[in-house]
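Hi,

Here is the structure I promised to pass on.

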Amino acid sequence: MKRPLLFLCAFLIPSVLAISLISHRQGAVPSISSTSRIPVKVIVIANFEPGEDVGDAPGEFQFWAEREHLDEGIPIKGALRPLRRNKDGLYGIAWGGTDKLLDGPTEGLMALVLDPRFDFRKTYWLFTGTSGVDPRVASVGSAAWSRWVINGDTLREFDDRQIPNDWPYGLFAIGASKPNQLPKDPNSYAGMTSADTLSVVYDLNQSLARWAFHLTQDVSIPDTPQLAESRKLWKGFPNAQRAPFVLLGETMGSFRYWHGSMRTKWAEDWVKLWTGGKGVFTMTNMESQQMASAMNVLAKAGLVDLNRVLVLRTASNTCEPPPGILATSTIGDEGPGQITAFEANYRVGVPVVHELLRHWSTYENFIPSAP
C-alpha cells in the first residue's frame, strides 16, 4: 500500500541540526550551513556499490565518485549512504551494496528530496545502472537512453502450466482478461485499472533523451577480448554481435529477476502494449520502476521536475542465453560484462553531465532538446 505523502514528509524530513562535514573541495559550492536552500544543478543516482564509494572494487557509482572528485560526503537522514558532491556542483549518491541491494532506494530518494537543506526543483537527474539486455536490440556493454520506464511488477499472473493453449504466457494486465490486452474498463474496481492508477508506464522527456543520445552516440565504450569471443555465440542476432554501442531503448524494472527467451518475449510485448507500440524493450533491471514511481510522487508535490529526468542503463549481461544454451546455465552471468557496463555508465553519462554544468546559465531555465 502506498503511504500518503504527508505521512512520508513527517516521517522522512530530518530535523534541522548542525552537521559537521569533512570537505576537501568546497570551491564555489554553497556551504551546507547556509540558511537558504542549496539549488542542486545535476545529480547522478546509482543503485549498487559493492563496498565503499571509493578506493576498492568498483560498482555502478565508484567511477563517478573517483573521476569526478565527489569528495565531500553529506549525511542524509533516511539514506544508507552519504550524498557526495564536488566543487563544480555535481552531486551523486549510491543507494545500496551487496548487503542492502534493494533495501531503501525509494525511501532514500524521498529522504533526499525532502531534506530541507536542498532545492531540487530545477535539478537534472541522471539515473544510471547496469541491466540485462535484449540480444535482439543490443550487445553486452551497450548503453541505452530510455524514453519510457516500464513497471514489470503490476500485473495478473497464472502459472504457465495452467494457461489456455492459445496464450503465450500467464502474465497479463490487471483489468484485462488475457495477455497483450489493456484493461477493458479503466473505471472498473473503483477506477483502479486506469493506466495512471496502475503506474505501469512512466513517460520521460523524449526530446531530452534524444538530446542526450545525439550528444553521446559516438562515445567509445571499451571492449574486451572476452566479450568479443562471447559475441560469436550469438549467431542470428546481429545486434548482439556488435561491439558495445549507444542507443535509444526502454528500460523495464521488476522485483523478479527473470531470465530466458520466453520471458524476454513477454517483456518485449509488455513494453509495446503500454507504450502504444512505440517503445522498444531494451534493458531489464530490478529498481527502475521503484525510482520512477518515487519521482512521480515527488513531481506531483512540486518538488522535482520530471522533464529533467534522464535514465541511462548499460548492459552487464543478456536476459536470455545464446542459441543452443540452457537458460539455467546462464542466469546471473554478469561477471564478463560488469566492468564494461560500469565504464559505459560513466563514459556515456559524463558528457551530458559536463554539458549541463558548463552551460548552466542556459540550462537552468531552458531544457535542452532534440527532434
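**What turned up**

Trp64, Leu126, Trp145, Trp211 and Val353 touch the most other members of the largest nonpolar core, which has 34 residues. The biggest contribution to this core comes from H10, with nine residues. Another core lies apart from it, with 33 residues, including Ile45, Leu109, Leu204 and Met295. A nonpolar core here is a set of buried Ala, Val, Leu, Ile, Met, Phe, Trp, Tyr and Cys residues joined through side-chain atoms within 4.5 Å; buried means under 20% relative accessible area, exposed over 50%, and partly exposed in between, with a 1.4 Å probe and protein chains only.

Before you dig in: this is a predicted model, where local features need pLDDT of at least 70 and side-chain atom pairs count only at pLDDT 80 or more, while totals for chains, interfaces and linings use all residues. Residues are numbered from 1 along each chain as its sequence is written, and side-chain values use heavy atoms, with hydrogens and water left out.

On to the rings. The whole structure has 15 aromatic pairs (Phe, Tyr and Trp rings, the six-membered one for Trp, with centres within 6.5 Å; planes under 30 degrees apart are stacked, over 60 edge-to-face, the rest tilted). Tyr91 and Phe118 count as edge-to-face because their planes sit at 80°, with the ring centres 6.0 Å apart. That pair links Tyr91 in strand S5 (residues 90–96) to Phe118 in strand S6 (residues 118–119), 27 residues apart. Both Tyr91 and Phe118 are buried. Trp258 and Phe281 make a tilted pair, at 6.1 Å between centres and 40° between planes.

Finally, strand S9 (residues 148–151): Trp148 and Ile150 point one way, Val149 and Asn151 the other, and all are buried. S9 runs antiparallel to S12 (residues 201–203), joined by three bridges, and parallel to S14, also through three bridges; strands pair if DSSP finds at least two bridges between them. Val149 has Tyr202 as its bridge partner in S12, and Asn151 stands opposite Gly253 in S14.

Cheers

How values were computed:
Helices (H or I, at least four residues) and strands (E, at least two) are DSSP runs, numbered from the N terminus.
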